[in-house]
Amino acid sequence: MLELKNISFSVREDGMTKEIIRNVSMTIPDEKLVVITGPNGGGKSTLARLIAGIEKPTEGKIFLNGEDITEKSITERARMGIGFAFQQPVRFKGIQVLDLIRLATGKHLAVADACEYLSAVGLCAKDYIDREVNSSLSGGELKRIEIATVLAKASVLSVFDEPEAGIDLWSFQNLIQVFEDMRKHIAGSSILVISHQERILNIADEIIVLKDGQLITHGSRDEVLPQLSGDTTAVAGCCRLGGLAELRELKGEDFRC
Ligand SMILES: Nc1ncnc2c1ncn2[C@@H]1O[C@H](COP(=O)(O)OP(=O)(O)O)[C@@H](O)[C@H]1O
Ligand SMILES: [Mg+2]
């Protein structure tokens, strides 16, 4: 179980203090798939970085299974079982996909086992296993490889920041399947996904809405989805929450809510 207690995060910008996360408290219970959604710029990725230890909160505390991890480094948190897939994955020149998956598991995984993780994210394993994780990979490929490494890691808490970003429609179907499978085998772990996708919201146990750095809502899917979507889609809900600029980015300048 992950607990955030009164987490705030601010940065100094042009001599001013900019508050990005404002007094957020939440619990991600064991064996639940929790989705965080909300408008662009609302602080979702920042919150994910705070959980992974990439940023340290200005105020508040973070607990993993009751242990205070607020001052722990990224590496320590990774060792404690926090797996993380970035919104914009990092490229590793000189490292092969196989190495990356082996690094994630922390053991000398057989090639066939590593390939299974790639297949799970819809990549033909034999075409990718020896590839270098460099700029020759497309954004979508890189994203899927990163998701495969998080699957391989079998974390206590797996965090995915907008896993759908840069993924084509066909792969998206697979991605939903990946999360559905993870949900089925969730025993002893929890999953936190940041997403705007209705199909991901639909498989959530709980949904959190973050806006302007504040937690607006946290409840079961059945409680929160109707608030987001009325009778239509999460897209409409996102519009209502002020995500129009982001939706235009995704769907083109002509997009109207
Ligand atoms: N290190 C930083 N310095 C300055 N501004 C930041 C920093 N990190 C995030 N922000 C700003 O904080 C806000 C929230 O960003 P982010 O967490 O990426 O939101 P989301 O993932 O919900 O779109 C944005 O306005 C972003 O520009
Ligand atoms: Mg983000």
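Modeller: Start with Ser-10: its bridge partner in strand 2 is Glu-19. Strands here are DSSP runs of E, at least two residues long; helices are runs of H or I, at least four long; both are numbered from the N terminus. This is a predicted model, where local features need pLDDT of at least 70 and side-chain atom pairs count only at pLDDT 80 or more, while totals for chains, interfaces and linings use all residues. Residues are numbered from 1 along each chain as its sequence is written, and chains are lettered from A and ligands numbered from 1 in the order in which they are written.

Two strands count as paired if DSSP finds at least two bridges between them. Strand 1 and strand 2 make a hairpin, with 2 residues between them. Asp-14 sits in that turn, with a positive phi of about 50°. Most residues other than glycine have a negative phi. Asn-23 has a positive phi too, about 45°, and is not a glycine. Asn-23 lies in strand 2. Asn-23 is partly exposed because it has 14 C-beta neighbours inside 10 Å. (Buried takes 20 or more other C-beta atoms within 10 Å of the residue's own, exposed 12 or fewer, partly exposed lies in between; C-beta atoms are placed from the backbone.)

5 bridges join strand 1 to strand 4, residues 59-64, and the two run antiparallel. Here Ser-8 is paired with Glu-59 of strand 4. Phi of Asn-65 is positive, near 50°, and Asn-65 is not a glycine.

Now the ligand. The shell around ligand 1 is Val-11, Glu-13, Lys-18, Ile-20, Asn-40, Gly-41, Gly-42, Gly-43, Lys-44, Ser-45 and Thr-46. A residue is near a molecule or strand if its C-beta atom, placed from the backbone, lies within 6 Å of it. Strand 1 (2-13), strand 2 (16-28) and helix 1 (44-52) each give two or more residues to this shell. Helix 1 gives the most, with 3 residues. By class, the shell has 2 nonpolar, 6 polar and 3 charged residues. (Ala, Val, Leu, Ile, Met, Phe, Trp, Tyr, Cys and Pro count as nonpolar; Asp, Glu, Lys and Arg as charged; the others, Gly among them, as polar.)

8 of its 9 residues are buried, so helix 1 is largely enclosed by the rest of the structure. The buried ones are Lys-44, Ser-45, Thr-46, Leu-47, Ala-48, Arg-49, Leu-50 and Ile-51. Gly-53 follows the helix, with a positive phi near 95°.

Angles run from 0 to 180 degrees between N-to-C directions; axes are lines fitted to C-alpha atoms, for helices over the stretch in contact. Contact means C-beta atoms, placed from the backbone, within 7 Å.

6 strands form an open sheet of mixed pairing, in the order 6-9-10-3-11-12. Its edge strands are strand 6 (82-85) and strand 12 (214-220). Helix 1 packs on this sheet, touching strand 3 (33-37), strand 6, strand 9, strand 10 and strand 11 (206-211). The direction of helix 1 makes about 150° with that of strand 9. Strand 9 (157-161) pairs with strand 10 (190-194) in the parallel sense, over 5 bridges.

Helix 6 lies across strand 6 and strand 9, running at about 170° to strand 6.

Methods: Two residues are in contact if their C-beta atoms, placed from the backbone, lie within 7 Å.
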